[in-house]
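User: I would like to go through the labels used for this model and see what each one rests on.

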Amino acid sequence: MGTEAPSNKDYARSNSFEEKLAKQKAIDDWLPITSSRNAKWWYSAFHNVTAMVGAGVLSLPYAMSELGWGPGVVVLVLSWIITLYTLWQMVEMHEMVPGKRFDRYHELGQYAFGEKLGLYIVVPQQLIVEVGVCIVYMVTGGKSLKKFHDTVCSSCKQIKLTYFIMIFASVHFVLSHLPNFNSISGVSLAAAVMSLSYSTIAWGASVDKGVQPDVQYGYKAKTAAGTVFNFFSALGDVAFAYAGHNVVLEIQATIPSTPEKPSKGPMWRGVIVAYIVVALCYFPVALIGYWMFGNSVQDNILISLEKPAWLIGMANMFVVVHVIGSYQVLHQSKLLSYNLLVQILS
């Protein structure tokens, strides 16, 4: 019996599939996240530290003052465990389909909900989160620059916060021209080191300052409604401090992968190191800061410290360097979300 020759429909289907693969490869080569897949496990470590640890760590003592000792410690520990577990889930899902890498969140959404619906569900939410966090980082960077200026030169003429935000933005005008994720590895490493540095300054200076006279650990709110409102506000502060998962897939996408050595191995190793650093940053700042200042602690513990001026100024400059790195890590992912949003609306 003879074999049936392939029909024109088979050829058309094959050509269409090859064209789709070629188009996807061209997109991957162009996108800053997937254009370079030669990252090492330690890239995962400091990228995750940079994405996770932010200026939100400085508000954790204030969150503790609204939660109290018992609930505060429980929330901090549970948040650390839960976010580590969910991050492990993301690492495992990156290559859960043989021969396929889910490099971006919308690809997981498309796999779960369909090609069109997945984009409509994931992309707008991801874009809102990324734009919102980048705005917060822009303002935080400007505020830290202003605090540095006011601390080291208290007799100088006051400059509006707007100008410091513009100075901070001008740095990103230059860094945004870097071609891919791996090209910002030096910036990300510096940011990770800075996060550990200013966290250490925060709790170290608190210990040096000592427990304040007449320190109180009760709730500040005078009414039950106010206490409940502050409690939920503190939960939001803790959630923001742990908000670093929105670029996990993109970080793993930069790591090479083969069937024998999948990317989840080095990625998970980097995550473990990153979460050890997170614990070293978060728990001492939150617990020691609250212990020393009680419910009178400011929403930024560096404000409560005030002196020595040179150390507080240095800590604020460390915050600036770290936020520069965090902004760039998020910015790489945000470019993709903009591109996908244009596709949805067009």
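Analyst: A residue is buried under 20% relative accessible area, exposed over 50%, and partly exposed in between, with a 1.4 Å probe and protein chains only. This is a predicted model, in which local features need pLDDT of at least 70, side-chain atom pairs count only at pLDDT 80 or more, and totals for chains, interfaces and linings use all residues. Residues are numbered from 1 along each chain as its sequence is written, and side-chain values use heavy atoms, with hydrogens and water left out.

User: Which residues make the nonpolar surface patch with Val 77?

Analyst: The patch consists of Trp 69, Val 73, Val 77, Ile 81, Val 211 and Trp 291, and covers about 510 Å². Patches are made of residues with over 30% relative accessible area and no salt bridge, where like charges are joined within 9 Å and nonpolar side chains (Val, Leu, Ile, Met, Phe, Trp, Tyr) within 5 Å. Ile 81 has a relative accessible area of 45%, so Ile 81 is over the 30% needed. Helix α4 gives the largest share of the patch, four residues, and Ile 81 has its place in that helix.

User: How many helices and strands does the protein chain have?

Analyst: The protein chain has 13 helices and zero strands. Buried residues are 47% of its 346 residues.

User: How do you know that Trp 41 and Trp 42 are an edge-to-face pair?

Analyst: Rings of Phe, Tyr and Trp (its six-membered ring) pair if their centres lie within 6.5 Å; planes under 30 degrees apart count as stacked, over 60 as edge-to-face and the rest as tilted. The structure holds ten aromatic pairs. For Trp 41 and Trp 42 the centres are 5.9 Å apart and the planes stand at 80 degrees, so the pair is edge-to-face. With relative accessibility of 26%, Trp 41 is partly exposed, and Trp 42 at 43% is partly exposed too.

User: What angle and distance describe Trp 80 and Tyr 275?

Analyst: Trp 80 and Tyr 275 have 65 degrees between the planes and 5.6 Å centre to centre, which is edge-to-face. Trp 80 is in helix α4 (residues 69-93) and Tyr 275 in helix α11 (residues 264-293), so the pair ties together parts 195 residues apart in sequence. Tyr 275 has a relative accessible area of 3% and is therefore buried, whereas Trp 80 at 21% is partly exposed.

User: Why is the contact between Glu 92 and Lys 264 called a salt bridge?

Analyst: A salt bridge is a side-chain nitrogen of Lys or Arg within 4 Å of a carboxyl oxygen of Asp or Glu. The N to O distance for Glu 92 and Lys 264 is 3.3 Å, so the pair meets the rule.

User: Where do Lys 146 and Asp 150 lie?

Analyst: Both lie in helix α6 (residues 115-152), four residues apart, about one turn of the helix. Their closest N and O atoms are 3.0 Å apart, so Lys 146 and Asp 150 form a salt bridge. Lys 146 at 19% is under the 20% limit and so is buried; Asp 150 at 21% is partly exposed.

User: What makes the phi of Asp 214 worth a remark?

Analyst: Most residues other than glycine have a negative phi. Asp 214 is not a glycine, yet has a positive phi of about 55 degrees. Asp 214 is in the loop between α8 (185-209) and α9 (224-241). At 72% relative accessibility, Asp 214 is over the 50% limit and so is exposed.

Methods:
Helix = DSSP H or I, 4+ residues; strand = E, 2+ residues; numbered from the N terminus. Areas by Shrake-Rupley, 256 points an atom, 1.4 Å probe, with all protein chains shown as cover.
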